[in-house]
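These are my notes from one sitting with the model. I went through the loops, then the helices and the core, then the pocket.

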Amino acid sequence: MKKRSLQIIVTLVLSALALYAALHGVNFAEVSAALQQVHWGWLALTLMLILLTLVIRAQRWRILLGRKLSWRDTFGLINIGYLVSGVLPLRAGDPARAVAAATRGPVSVMAALSTVVVERVLDMFLIVIMLVVTLPFVPGLRTYLAGGQLGGSLSFQLIIVLSGVLALGMLIMFILVALFPQKIEALARRVLEMLGVPNPERWLKPVQHALDGFIALRSAREGVTMLLWSVVLWIVTVLYFLAGLQACRAFLPPGNGLLKAMVTTWSSAFGMVFPATGGLGSFHFAVREALFWGFDIVRESGFTYAVIVHALAYLTGIILGALTLLIWGISFKSLVSNAQQVEASPESKSPDPS
């Protein structure tokens with residue numbers, strides 16, 4: 001309990017710092033004036049594209065789960081995850097949706113959690129590719145790196161390449177784990193025996209459940225299908241940021257729309273990596289600074305744009321997640337409690353968040 005309390009305190013402090021960084025130096029009068037110039041038609045299209053990304057994420061996760069759940073279930077579970085992560089610290093949405101998944105079909109909590117890890121690594125890999133492809137064409141960032149800042153452009157590019165290699169290496173590792181589950185289980189058994197752990201079978205159960213999460217990667221067809229859905233997901237995500245730019249075109253400079261949308265996509269993804277609850281502050285800071293340094297867009301305009309696109313996605317996930325809990329009759333409190341138990345003990349059995 002002390003350890004978890006410390007984690008929560010640290011996360012809340014980091015969230016507060018992220019909000020301070022995002023709001024620091026912003027002229028709120030200019031932000032208010034910009035908000036009044038938003039084009040509502042493009043805003044509606046942005047919302048539709050956000051909903052489409054949720055549909056695609058649900059389909060991709062269904063494939064990762066070996067199609068053991070319906071698309072309707074995975075769609076609801078995805079939004080439950082966004083709801084919990086949006087209001088609680090420590091990325092609580094991932095274990096929460098894994099716990100809820102175990103109540104919807106023949107899926108163990110550990111298997112569901114392992115598929116979430118695969119999702120994260122695959123997304124990271126594609127985001128890094130997008131970063132590498134777009135960076136040379138961003139005028140401000142190219143000049144900034146050429147000036148020797150951030151430790152020089154060479155070292156920064158090296159970090160990008162290493163990040164891509166790391167993501168690719170993890171994907172290959174996951175594929176190998178999926179193809180040779182018996183060997184992984186035997187290796188885990190041997191390690192437990194070498195460590196002298198009593199009753200190793202007890203500890204092997206969560207390993208076996210986790211290996212179930214790699215079922216989709218054992219099939220080349222399913223693996224390719226999942227990759228294609230991931231590519232489509234990020235294409236639609238870029239389009240959603242592009243539609244958001246169009247909604248804000250009254251106060252954002254014209255030109256380079258697609259490039260700006262792609263930069264916003266990868267910068268916001270890196271902003272969400274920061275452990276701020278719901279990406280509050282970190283998302284806005286990352287997008288604001290990327291647009292400022294990359295395209296010389298004043299921070300008030302970049303911040304306003306970030307607020308709009310984040311608020312649409314944030315509120316959509318929370319509303320749909322709350323509706324799912326209400327329809328399914330799941331208690332938010334018990335769901336979070338069971339998710340915390342899963343985080344604390346890998347031996348946790350399938351919970352009953354009723």
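**Entry 1: the loop between H11 and H12**

I looked up Asn256 and found it in the loop between H11 and H12. The model is a predicted one, and I read every value below as computed from it. Phi of Asn256 is near 55°, which is positive in a residue other than glycine. Is Asn256 buried, partly exposed or exposed? Its relative accessible area is 47%, so I noted Asn256 as partly exposed.

I then went to Phe251, in the loop that joins helix H11 (220-247) to helix H12 (257-273). Phe251 has 12% relative accessibility and therefore counts as buried, the limit being under 20%. Which residues does Phe251 contact beyond its neighbours within four places in sequence? I listed Ala34, Gln37, Val38, Ser301, Thr304 and Tyr305. For one of these, Tyr305, I also took the C-alpha separation from Phe251: 9.2 Å, at 54 residues apart along the chain.

I placed Asp296 in the loop between helix H13 (282-295) and H14. Asp296 counts as exposed because its relative accessibility is 63%, and the limit is over 50%.

**Entry 2: the chain as a whole**

I counted 15 helices and zero strands. The chain has 354 residues, and 49% of them count as buried. Of the contacts with a separation of 6 or more, 73% are between residues 24 or more positions apart. The accessible surface of the chain comes to about 17,300 Å², and carbon and sulfur atoms hold 70% of that.

**Entry 3: helix H3**

Arg60 lies in helix H3 (residues 40-64). Is Arg60 buried or exposed? At 1% relative accessibility, I recorded Arg60 as buried. Not counting residues up to four places away in sequence, Arg60 touches Glu119, Leu122, Asp123, Met226, Trp229, Ser230 and Leu233.

Trp61 is also found in helix H3. The relative accessible area of Trp61 is 0%, so this residue is buried. With residues up to four places away in sequence left out, Trp61 touches Thr74, Leu77, Ile78, Arg97, Ala101, Ala112, Thr115, Val116 and Glu119.

Thr74 is in helix H4 (residues 71-87). Its relative accessibility is 0%, so Thr74 counts as buried. Beyond four places in sequence, Thr74 touches Ala58, Trp61, Arg62, Leu65 and Leu69. Thr74 and Arg62 are 6.2 Å apart, C-alpha to C-alpha, and twelve residues apart in sequence.

I looked up Leu77 next. Apart from neighbours within four places in sequence, Leu77 is in contact with Trp61, Leu69, Arg97, Ala100, Ala101, Arg104 and Trp328.

How many residues of helix H5 (residues 93-101) are buried? I found nine of its nine. Among the buried residues of H5 are Asp94 and Arg97.

**Entry 4: the largest nonpolar core**

I asked which of the 88 residues in the largest nonpolar core touch the most other members. The list is Trp61, Leu77, Ile80, Tyr305 and Leu335. Helix H6 (residues 109-134) supplies the largest share of this core, with 13 residues.

**Entry 5: the largest pocket**

Rolling a probe the size of a water molecule over the atoms shows where empty space is left. I noted about 1,200 Å³ of space in the largest pocket. Its lining has 40 residues, and those nearest the centre are Arg57, Tyr82, Arg120, Ala269 and Met272.

Which helices each supply at least two lining residues? I wrote down H3, H4, H5, H6, H11, H12 and helix H14 (299-328). H12 gives the most, with six residues.

Definitions and conventions:
Residues are numbered from 1 along each chain as its sequence is written. This is a predicted model: local features need pLDDT of at least 70, side-chain atom pairs count only at pLDDT 80 or more; totals for chains, interfaces and linings use all residues. Side-chain values use heavy atoms; hydrogens and water are left out. Helices (H or I, at least four residues) and strands (E, at least two) are DSSP runs, numbered from the N terminus. Buried means under 20% relative accessible area, exposed over 50%, partly exposed in between (1.4 Å probe, protein chains only). Contact means heavy atoms within 4.5 Å. A nonpolar core is a set of buried Ala, Val, Leu, Ile, Met, Phe, Trp, Tyr and Cys residues joined through side-chain atoms within 4.5 Å. Accessible areas come from the Shrake-Rupley method with a 1.4 Å probe; for residues, only the protein chains shown count as cover. On a 1 Å grid over the protein atoms alone, a cavity is a set of points where a 1.4 Å probe fits but cannot get out, and a pocket is an open set with protein on both sides within 12 Å along at least five of seven lines; lining residues have an atom within 4 Å of a point. Grid points are joined across faces, edges and corners, and a volume is the space filled by probe spheres set on the points.
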